[in-house]
Amino acid sequence: MNFRSHMDAAFEEAHKAQARGEVPVGAVVVSPEGEVIGRGGNETRAGCDPTAHAEIVAIREACAALGVERLTGCDLYVTLEPCPMCAAAISNARIARLYYGASDPKSGGVANGARVFSHPQCHHAPEVYDGIGAVEAEELLRTFFAARRG
């Protein structure tokens, strides 16, 4: 099977989140067969739920779709570097590969900050590929926050 990026689907979810007034971050979970089985955009405000980050929403949907608690062999595409909470969820879900767009020096948990996957307590670390669609992701976030500061 040839590699195909699903970052475009993650950006669709980010744009939907932005339209709802949420921070524009989107994520999709892709099965080993290459099918999108979970989608999510930030829903923290809409759901009054601080854990409803795009990655968590997509992981929950994928787990429900498959009827499992682990997504072994699946990939996760997300427009922004996951925070420590999401990185822990990615580890617990046993995601095989993580692809993300923009780096998050302030709140990231993969290459920045807590660096969850490098801790000895981390039982599973996915392969990580960063910078995919980074320019688009950074611009989406920059525009969103500039408008809010107005």
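Me: How do the axes of helix α1 and helix α4 cross, and within what distance do they come?

Reply: A word on the model before that: it's predicted, so local features need pLDDT of at least 70 and side-chain atom pairs count only at pLDDT 80 or more, while totals for chains, interfaces and linings use all residues. Residues are numbered from 1 along each chain as its sequence is written, and side-chain values use heavy atoms, with hydrogens and water left out. Now the helices: the axes of α1 (residues 7-19) and α4 (residues 134-149) come within 12 Å and cross at roughly 0°. An axis here is a line fitted to C-alpha atoms, for helices over the stretch in contact, and the angle runs from 0 to 180 degrees between N-to-C directions. Helices (H or I, at least four residues) and strands (E, at least two) are DSSP runs, numbered from the N terminus.

Me: What makes α1 roughly parallel to α4?

Reply: The crossing angle is roughly 0°. Angles under 35 degrees count as roughly parallel, over 145 as roughly antiparallel, 65 to 115 as roughly perpendicular and the rest as oblique. So α1 gets the label roughly parallel to α4.

Me: Which residues of α1 and α4 meet?

Reply: From α1 you have Phe-11, Ala-14, His-15 and Gln-18, and they meet Glu-136, Ala-137, Leu-140 and Phe-144 of α4. Contact means heavy atoms within 4.5 Å. The residues of this contact split into five nonpolar, two polar and one charged.

Me: How many aromatic pairs does the whole structure have?

Reply: A search of the whole structure turns up three. Rings of Phe, Tyr and Trp (its six-membered ring) pair if their centres lie within 6.5 Å; planes under 30 degrees apart count as stacked, over 60 as edge-to-face and the rest as tilted.

Me: Why is the pair Tyr-77 and Tyr-99 called stacked?

Reply: The ring centres of Tyr-77 and Tyr-99 are 4.5 Å apart and their planes sit at 10°, so the pair is stacked. Tyr-77 lies in strand β3 (residues 75-80) and Tyr-99 in strand β4, so the pair ties together parts that are 22 residues apart in sequence. Tyr-77, Tyr-99 and Tyr-129 form one aromatic cluster.

Me: And what makes Phe-144 and Phe-145 edge-to-face?

Reply: Their ring centres are 5.1 Å apart with planes at 80°, so this pair is edge-to-face.

Me: Why does Cys-48 count as exposed?

Reply: Because its relative accessibility is 72%. Cys-48 lies in the loop between β2 (36-41) and α2 (54-66), and has a positive phi of about 45° although it is not a glycine. Cys-74, by contrast, counts as buried, at 2%.

Me: What makes Arg-94 partly exposed?

Reply: Its relative accessibility is 21%, so partly exposed is the label. Arg-94 sits in the loop between α3 (84-92) and β4 (97-102), and takes a positive phi of about 60° just after α3. Leaving aside neighbours within four places in sequence, Arg-94 is in contact with Arg-70, Leu-71, Thr-72, Gly-73, His-123 and His-124.

Me: Why is Ala-54 called buried?

Reply: Because its relative accessibility is 0%. Ala-54 is in helix α2, and its contacts beyond four places in sequence include Val-25, Gly-26 and Ala-27.

Methods: Buried < 20%, exposed > 50% of the residue type's maximum accessible area, 1.4 Å probe, protein only. Nonpolar A, V, L, I, M, F, W, Y, C, P; charged D, E, K, R; others polar.
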